[in-house]
Structure formats: structure tokens, C-alpha cells
Amino acid sequence: MLLLARWRYWMVSLQPHAIHCICDAACPGMKSQATRAEREPATTITTMHHLVTGVAGFIGFHTAQALLARGDSVVGVDNLNDYYDPALKRARLALLQRSAGFRFEQFDLADRERTARLFAAERFPRVIHLAAQAGVRYSLTNPHAYIDANVVAFTNILEGCRQNQVEHLTYASSSSVYGLNTAMPFSVHHNVDHPVSLYAATKKANELMAHCYSHLYRLPTTGLRFFTVYGPWGRPDMALFLFTKAILSGQPLTVFNHGKMRRDFTYIDDIVQGVVRTSDRIAAPDPQWNPAKPDPGTSSAPYRLYNIGNHSPVELTHFIACIEQALGRKAVLNLQPMQPGDVPATAADVADLTRDTGFTPATPIETGIARFIAWYRDYYQQ
């Protein structure tokens, strides 16, 4: 059993930067009224009160750490389900609970009444919704989990934001929404109407649902399409975790599509920078949006989509070679055909993210993998 003392390793740090608070709130229940972001100039303050959902998860944990490190307060929600080892989730939580600015509530966001009570009690200015049932392959055998966690729960989040004058909702989408698209790099300005997994379909549904609330109630929403996130404290069902464990135990690696895969692997620090910066920048209507030629990435409503990826796809074989080098061991490969619901390549166009936030993900894969391996060896004492 792992000891809590192992958590000394790896603390995310981000440079604090300005947070915007908009005053003189408008009622979001009327379409005819502009959002606060549209009507009022922003004033700079040094703290902000956030709801971060999925806070015991990989991205949620790192995001909460970054917000706490710059002096914000965070209420974190997670149901601590057993999709993967809850002990890892509790270990992340224990680190967060060292901060006086953090409070944790354990419940399922599909619980409508409990979610509504939390929103009414806290009156969050900002909501960062990262809770979801993750995983493409798991959706093939457990479809109802995705409807409950990704559709029902997201409806409750949207309603909580609408009813309680939330200034900005930032939520996790996924690069999986690009589905059968082959035009590279993937752009938020491309149509994404052909998903190849239920997981991807639920994430596309989130984007559509968010747009409805942005249009009807002037709720500013920003969706973030994450590209293959990796790094310390990562998910055990992801390739880097699985490959590292297999190599250290002398087991073969199961490699799909015979290794002919390319992924836009994105380091966790880069993901967190993107999440925090887009949350700070309240979504606003695009004055150039044309309903005769509708742009999927923006709207006449306060609605935005961004890719967060390293914009530098890596061959799976090189990815494995980097793990081998960091571990000092060779891998045994078990080559398999393409998995149903998977795609052969991903690549992110991050031009919009760079333009609007001034940030471009850039951590080299060699650097990120070395940091993960250092964390893994420390945490698991291997």
C-alpha cells in the first residue's frame, strides 16, 4: 500500500496573472440582455472563487493546484468512482487539502438537487468543469456511464451556472470529437459531425448544449478540446502509464495499429496553462460571425472553442523509444490491429488559443516523459 509521504514529489507552479471580475451582474435568464463581459469593463483583482469539478482527476488536480498557488480559492467536486484506482485520486486530494483555500465535496454531479444546492450556496464567479467519464474504449462496453456523467451531469452544471449568474463556464471537450476528419491539423473551425465513439459523441453534445445556453441565456462558455494529455499523476489507463508499468515489470506492450499511430501528446503543465488562461478570459460574441457561413468555433453568442495540443504530433514508436530511454530498459512489443473507436492520428491547430491567450503549448515529449518517469519511480518506489 502506498504511503502518503510519497506526495513530496511534483508540485505544479504557474506564474500568477490577472484575473478579471465583472461587476453589476445582468440577469442571464433573458436573451435580450448582454453578458456582463459584453457590457462592463473588466477590473483586475488578485483572487477568485472557483468550482473545479473532477478535482481528484488528473487535469482537475493540476488545475486546482495552479489556482491555489496563485491565491484563488477552490471548491472541488468529485465522485471518486472506481474507473481507475481511487487510491491515486485520494492521494491527489490529500495534496490539495493542505491548502487553506481548498474545500472538497464528494458527490455525483448527476445528482440534480445536490448540484443545485452547491451552486446556490457558493455563487461561484467561475466554473471549470473537468469531471467526465473518460476513455474511448471503455465507452464501447459501458455506454450508460457516459450518458450519466457526460450528458446528465453537464446539464446540471449548465443549469447551476444559469440560475446563479456564473460569469464564465470553462469545460473539457476532447480531440476525440474530430472523429472521421482527416484534414490536419484539426481546427475548431472544422465541422465535427462524424464521431467514432460514444465518448466523442457526448463531448460534441457538450459543445452543442453549451452553445444553447450561451445563445438563450447569454452564459459565456468556453470548451477546450484536449489532445492526449500526459505527465506526473496521470491516469493509469493512458498509454504512458501502461507502457511504463509494462516495461518495468517485463511485460509486452500492447501497441495498436501495429504502431502506426501519431498523437499530439500534450504535457499537463501546458494543458493547465491553457485551462487557466481561457477561464480568465471570459468568452464574448464574435462580431464577425456570419450565420450564412457559420463558423463552428465561435458564435454570435458568448461562446468559444479552443484546441489545447502540442501542435507537434509524435510517432508512437518514438514515444515508446523515449520511455525506454528514460527507464533504461527495452520494451517488448505486442503489435495489434486498430481498436474500434480509435483514430490513427491527431494534430492540433492552436492558432486561436495563441491569439487569444498569448500561450502556445511547447513542452518537448522527451522532457515531459522524463518528468513522468521520475514521478512514477518516486510514487511507486520503483
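Modeller: Happy to; we will go through the overall make-up, then a few helices.

Biologist: What kind of model is this, and how many helices and strands are there in the protein?

Modeller: The model is predicted. There are 11 helices and 15 strands in the protein.

Biologist: What percentage of the 382 residues count as buried, and what does buried mean?

Modeller: A residue is called buried if its relative accessible area is under 20%. By that cut-off, 54% of the 382 residues are buried. The protein exposes about 15900 Å², with 54% of that area supplied by carbon and sulfur atoms.

Biologist: Which residues of H9 are buried, and what covers them?

Modeller: Leu316, Phe319, Ile320, Cys322, Ile323, Glu324 and Leu327 are the buried ones. Their cover includes helix H7 (239-249), helix H11 (365-379) and strands E10 (253-255), E14 (314-315) and E15 (333-335).

Biologist: What span is expected for helix H6, and what does H6 reach?

Modeller: H6 covers residues 198-217, and its 20 residues are expected to span 28 Å at 1.5 Å a residue. From first C-alpha to last, H6 reaches 28 Å, close to that expectation. Buried residues of H6 include Tyr199, Lys203, Glu207, Met209 and Tyr213. The buried residues of H6 pack against helix H5 (143-163) and strands E7 (168-174), E8 (221-226) and E13 (303-308). Just after H6, arginine 218 has a positive phi of about 60 degrees.

Biologist: What makes H2 and H8 a pair that meets?

Modeller: Contact means heavy atoms within 4.5 Å. On that basis, Phe58, Ile59, His62, Thr63, Ala66 and Leu67 in H2 meet Ile268, Ile271, Val272, Val275 and Val276 in H8. By class, this contact has nine nonpolar, two polar and no charged residues.

Biologist: How do the axes of H2 and H8 lie, and is the crossing left-handed or right-handed?

Modeller: The axes of H2 (residues 58-69) and H8 (residues 268-280) come within 9 Å and cross at roughly 65 degrees. A crossing is right-handed if the near helix is turned clockwise from the far one by less than a right angle. The crossing of H2 and H8 is right-handed.

Note on methods. Residues are numbered from 1 along each chain as its sequence is written. This is a predicted model: local features need pLDDT of at least 70, side-chain atom pairs count only at pLDDT 80 or more; totals for chains, interfaces and linings use all residues. Side-chain values use heavy atoms; hydrogens and water are left out. Axes are lines fitted to C-alpha atoms, for helices over the stretch in contact, and angles run from 0 to 180 degrees between N-to-C directions. Helices (H or I, at least four residues) and strands (E, at least two) are DSSP runs, numbered from the N terminus. Ala, Val, Leu, Ile, Met, Phe, Trp, Tyr, Cys and Pro count as nonpolar, Asp, Glu, Lys and Arg as charged, and the others, Gly among them, as polar. Buried means under 20% relative accessible area, exposed over 50%, partly exposed in between (1.4 Å probe, protein chains only). Accessible areas come from the Shrake-Rupley method with a 1.4 Å probe; for residues, only the protein chains shown count as cover. The expected span of a helix is 1.5 Å times one less than its number of residues.
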